[in-house]
Amino acid sequence: MRKLWLMLLIGCTAGAFTACSDGDDDQKPSCPITEYTVPSTAEIGGFYTVTGKGFEASAQLFLRNASGTETAAADQTVTATGIECTVPSTLTAGVYTVVVKQNGSWDLGPVRLEAAQNPVSSVVLPAAIKLNKTLEIAGNGFTSASRIFLETADAAKTRTELTAVPSSTGISCTIPDGVAAGTYNVILKHNNIDWTLGENIPAAVYKRLTGISYAMSQTCDFSTVEGGVEAVKAILLEMVGNDQEMADMYFEMLFSEGTNVVSQLSLKYGSDNRVTAVQQGEGADAADWYTFSFDGDKVSALNKMYEDGESGIRAFSWVLNGGKVESSNVDFMRTVSGEVVSRPADFTWTYDAVNGQCTGVVYQSTGSNYVSFDFENGNYTAGGMFEYGDAGKKNNIFGVDVAKAIAGVTTSLDDDHALACFLGYDGKASLNLPTATMFDAMSEDDPAKAVTCTQDGEGYVTAAKWGGVGMDMMGIGVKVTSETIFEFRLISQNGC
């Protein structure tokens, strides 16, 4: 019995010594590290600390896998109580042996490496990045150690680090000057591990629309009408019951030549960079058309032109969700039996799930369509009115939807729809720029009869020219050739 007890004592003593061993015979030096502790688990990419006595400044920690391959721990620091390091993010989950190399190689014990967990949750990124504004990323778990990068969404994967500061709602990132417009992935680097927060997010310099001008010139060809101008005037006179004054008015309105400013809008903004008014005209001649007020996500607009009870939209309001109109209320003013009455209606706005473009507005009471917005390949067509012949003519992601702007200024859209387009509250604009309308003569003999857009260096349309052949007027058969020029005035908004 005493012999068995002695053998067990010898076995336990040998086990205590071989826990820190170089794997050779007892003639080799003993492990220089004593009273050490090796944590049994660690997170890949996370911090790892081995405590103990005897670590020298030259000590190096390694992790050896089952096949015998050793990988040096990252960011190693020897302290008075042990050695601190980071588990390399290149390793895979499994059981490894912790090895210290100091005057030899010594096995300290096993550690199970586990896959790292994403340190942040509930992350919300904007649908598009404004390069001249702070990038606000909502989410939980961001710290001062969180590093944020914009990574080009191409084969090069070029990265730009942002200056990131945690906030109460997430993290605020300043984008350095010189980052080009394009498509980016948003990367979080935490404890040397990369986490993709968002992919293929478009980015561009943000500019704000400040005004729109619309002018039209017109020439008329009476040669197809027997008797020329006088015959046309006679036809008009007969059509209006021989009222000469009214006939002259219609002739002037339909067939006069020259350039006339049809519409000139000016958008005004307050100190908080939200719209306060849309005016007609500029300078001393400008008069409020709509005035705006904000209450949380509700935007209200009052039509100053209809304060005297004229027919039209008296007021409207939008409820925003993620910067887009989710629902609206419109107070229509109608004349009924000689009396102007209010006819309010509530609407729901619908959006394409893929492109994020507004597809229509429906009555909340019945679910029936009030207005539909037709898109083809991501471009607004207005039921075939607009054509997009050159896919290379891209629209800026924060730019005005030129086709909708033309429809809005020429009164093809109601005020609330047109203003939602101008202010960017109706979802994404068309991906491309229109090249023609259904009224244009797109022939090889006259290719200029189309829609042409002028863009600045950041891809914003600053002017659009629309030239084409007008339709026959009032069945008389007069050929009307018109040219319309729209000017979109924008201003760069740093920090708005």
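Tutor: Lys-404 lies over the face of Tyr-380, at 5.7 Å from the ring centre; a charge counts as sitting over a ring if NZ of Lys or CZ of Arg is within 6 Å of the ring centre and within 35 degrees of the ring normal. Lys-101 is placed over the face of Phe-62, with 4.4 Å to the ring centre. The model is predicted, so local features need pLDDT of at least 70 and side-chain atom pairs count only at pLDDT 80 or more, whereas totals for chains, interfaces and linings use all residues. Residues are numbered from 1 along each chain as its sequence is written, and side-chain values use heavy atoms, with hydrogens and water left out.

Turning to ring pairs, the structure holds 19 aromatic pairs (rings of Phe, Tyr and Trp, the last by its six-membered ring, with centres within 6.5 Å; planes under 30 degrees apart are stacked, over 60 edge-to-face, the rest tilted). Tyr-290 and Phe-316 form a tilted pair, because their ring centres are 5.2 Å apart and their planes stand at 55 degrees. Since Tyr-290 belongs to strand β21 (residues 287–295) and Phe-316 to strand β23 (residues 312–321), this pair ties together parts that are 26 residues apart in sequence; strands are DSSP runs of E of at least two residues, numbered from the N terminus.

Phe-316 is buried at 3% relative accessible area, and Tyr-290 is buried at 0% (buried means under 20%, exposed over 50%, partly exposed in between, with a 1.4 Å probe and protein chains only). Phe-316 also pairs with Trp-318 in a tilted arrangement, 5.0 Å centre to centre and 40 degrees between the planes. Trp-318 is likewise buried, with 0% relative accessibility.

Technical notes
Helix = DSSP H or I, 4+ residues; strand = E, 2+ residues; numbered from the N terminus.
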